[in-house]
Structures are given as structure tokens and as C-alpha cells.
Amino acid sequence: MGRRKSRKKIRARPRRTLPKIFQCPKCGTSSVSVNIAKNKESVQVVCTLCGLFANLEYREFYQTVDYYARFLDLYEKQMAEV
Ligand SMILES: [Zn+2]
């Protein structure tokens with residue numbers, strides 16, 4: 001009695017590790033990886049299964065998911081053009 005319920009501690013969340021593998025819009029598998037070049041001049045997004053590939057400009061404020069979104073955009077545009 002008289003015991004206080006221990007409050008749930010609000011922990012500062014450690015930074016989530018950014019996802020690196022995404023789903024491929026072409027073959028549908030989770031085989032798309034985002035590789036930022038060491039010199040930070042370009043970013044390659046590639047599906048290791050079907051070989052779908054995009055070479056993107058490096059942007060400082062982008063995260064891997066943003067490159068992936070660009071990758072999807074490009075893919076859709078490509079599809080529209082064909
Ligand atoms: Zn693929």
C-alpha cells in the first residue's frame with residue numbers, strides 16, 4: 001500500500017537505424033538497396049534481383065527512404081514513357 005505505480009520512463013529513443021533494403025517496384029521483392037557513394041557525389045539505388053537501377057544525385061538532407069522515393073518516381077516515369 002502507498003506504493004506508487006512506477007511511472008513509465010520516457011526514454012529517449014536511440015536513433016532508428018535507417019532502412020537500407022526496400023521493395024522493388026518491378027519485381028516486387030525486397031531487394032532494393034541504396035548505396036551512397038563514399039565521395040558523396042552520387043547515390044545508386046539498385047535492385048539486386050532484377051537489376052533495376054537508378055543513379056541519383058546526392059543530397060545532404062536526404063535519407064535512404066528519400067532516395068528510394070525518387071527511385072520509385074523515376075521508375076513510374078519510365079513506365080509512362082514506354
Ligand atoms: Zn527488382
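This is a predicted model: local features need pLDDT of at least 70, side-chain atom pairs count only at pLDDT 80 or more; totals for chains, interfaces and linings use all residues.
**Core entry.** I looked up which residues make up the largest nonpolar core. I found 11 residues: Phe 22, Cys 24, Val 32, Val 34, Val 43, Val 45, Cys 47, Ala 54, Tyr 67, Tyr 68 and Phe 71. I then traced the elements behind this core: β2 (32-36), β3 (42-47) and α1 (64-81) supply at least two of its residues each.

**Val 45 entry.** I listed what Val 45 touches, leaving aside residues up to four places away in sequence. The list holds Val 32, Val 34, Ala 54, Leu 56, Tyr 67, Tyr 68 and Phe 71.

**β2 side.** I checked the pairing of β3 with β2 and found it antiparallel, over 5 bridges. Val 43 in β3 has Ile 36 opposite. The hairpin of these two strands has 5 residues between them, and there I found Lys 40 with a positive phi near 55°.

**β4 side.** I then turned to β4, residues 53-57, which pairs with β3 in the antiparallel sense over 5 bridges. Here Leu 56 is the residue that stands opposite Val 43. This hairpin, of β3 and β4, has 5 residues between its strands. In its turn, Gly 51 shows a positive phi of about 85°.

How values were computed: Residues are numbered from 1 along each chain as its sequence is written. A nonpolar core is a set of buried Ala, Val, Leu, Ile, Met, Phe, Trp, Tyr and Cys residues joined through C-beta atoms within 7 Å. A residue is buried if 20 or more other C-beta atoms lie within 10 Å of its own, exposed if 12 or fewer, and partly exposed in between; C-beta atoms are placed from the backbone. Helices (H or I, at least four residues) and strands (E, at least two) are DSSP runs, numbered from the N terminus. Two residues are in contact if their C-beta atoms, placed from the backbone, lie within 7 Å. Two strands pair if DSSP finds at least two bridges between them.
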